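User: I have a model open and want to go through it piece by piece. Can you walk me through the strands and the core?

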Amino acid sequence: QVQLVESGGGLVQAGESLRLSCAASGTIVSVAAMGWYRQAPGKARELVATITSRGNTNIADSVKGRFTISRDNAKNTVYLQMNSLKPEDTAVYYCNAGVVTLTKYLEVWGQGTLVTVSS
């Protein structure tokens with residue numbers, strides 16, 4: 001069984017920074033793309049950023065220049081550095097990963113971590 005465990009959410013003021021982490025654990029052969037999505041109250045889940053196993057990134061326009069995604073392949077961990085946070089960044093942030101196990105490919109989601117940005 002594979003799971004993603006997120007950490008790093010919290011309450012900050014506008015303009016401050018947070019760093020989210022997400023670690024994959026279980027019987028893992030390899031991890032393909034990893035990414036972060038977010039869902040604000042009353043809104044659909046949206047892509048924030050993704051990163052391939054080779055380090056190629058895709059960043060949403062709404063956070064480009066403020067958020068950076070990175071990963072540590074040795075630790076099967078992905079990070080989201082969030083700078084210059086705005087109240088509109090308030091959401092539950094979910095980690096996502098494509099994981100290869102001994103028998104199958106799985107798309108796995110984390111449980112979510114709440115980020116609240118006050119004005």
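User: What kind of model is it, and what are the ground rules?

Analyst: It is a predicted model, where local features need pLDDT of at least 70 and side-chain atom pairs count only at pLDDT 80 or more, while totals for chains, interfaces and linings use all residues. Residues are numbered from 1 along each chain as its sequence is written, and side-chain values use heavy atoms, with hydrogens and water left out.

User: How many bridges join strand 1 to strand 3?

Analyst: Six, and strand 3 covers residues 18–26. In that pairing Val-5 stands opposite Ala-23. Strand 3 is also joined to strand 8 by six bridges, again antiparallel, with Leu-20 opposite Leu-80.

User: Is strand 8 mostly covered or mostly open?

Analyst: Mostly covered, since five of its six residues are buried. Buried means under 20% relative accessible area, exposed over 50%, and partly exposed in between, using a 1.4 Å probe and protein chains only.

User: Switching topic. How many disulfides?

Analyst: One, taking a disulfide as a pair of cysteine sulfur atoms within 2.5 Å. Cys-22 and Cys-95 form it, with their sulfur atoms 2.0 Å apart. Cys-22 lies in strand 3 and Cys-95 in strand 9, so the pair ties together parts that are 73 residues apart in sequence.

User: Left-handed or right-handed?

Analyst: Left-handed, because the torsion about the S-S bond is about -85°. Cys-22 is buried at 0% relative accessibility, and Cys-95 is buried at 0% as well.

User: Now the largest nonpolar core. Which residues touch the most other members?

Analyst: Trp-36, Leu-80, Met-82 and Tyr-93, out of 32 residues. Such a core is a set of buried Ala, Val, Leu, Ile, Met, Phe, Trp, Tyr and Cys residues joined through side-chain atoms within 4.5 Å. Strand 9 gives the most to this core, with five residues.

User: What does Leu-80 touch?

Analyst: Leaving out residues up to four places away in sequence, its contacts (heavy atoms within 4.5 Å) include Leu-18, Leu-20, Trp-36, Val-48, Phe-67, Ile-69 and Tyr-93.

User: Last one: Asn-96. Buried or exposed?

Analyst: Buried, with a relative accessible area of 9%. Asn-96 is found in strand 9 (residues 91–100).

User: Which backbone oxygen lies 3.5 Å from a polar atom of its side chain?

Analyst: That of Val-108. Beyond its neighbours within four places in sequence, Asn-96 is also in contact with other residues, among them Leu-4, Met-34, Tyr-37 and Trp-109.

Definitions and conventions. Pairing = 2+ DSSP bridges. Helix = DSSP H or I, 4+ residues; strand = E, 2+ residues; numbered from the N terminus. Polar contact = N/O pair within 3.5 Å; in protein donor to acceptor, adjacent residues only side chain to side chain.
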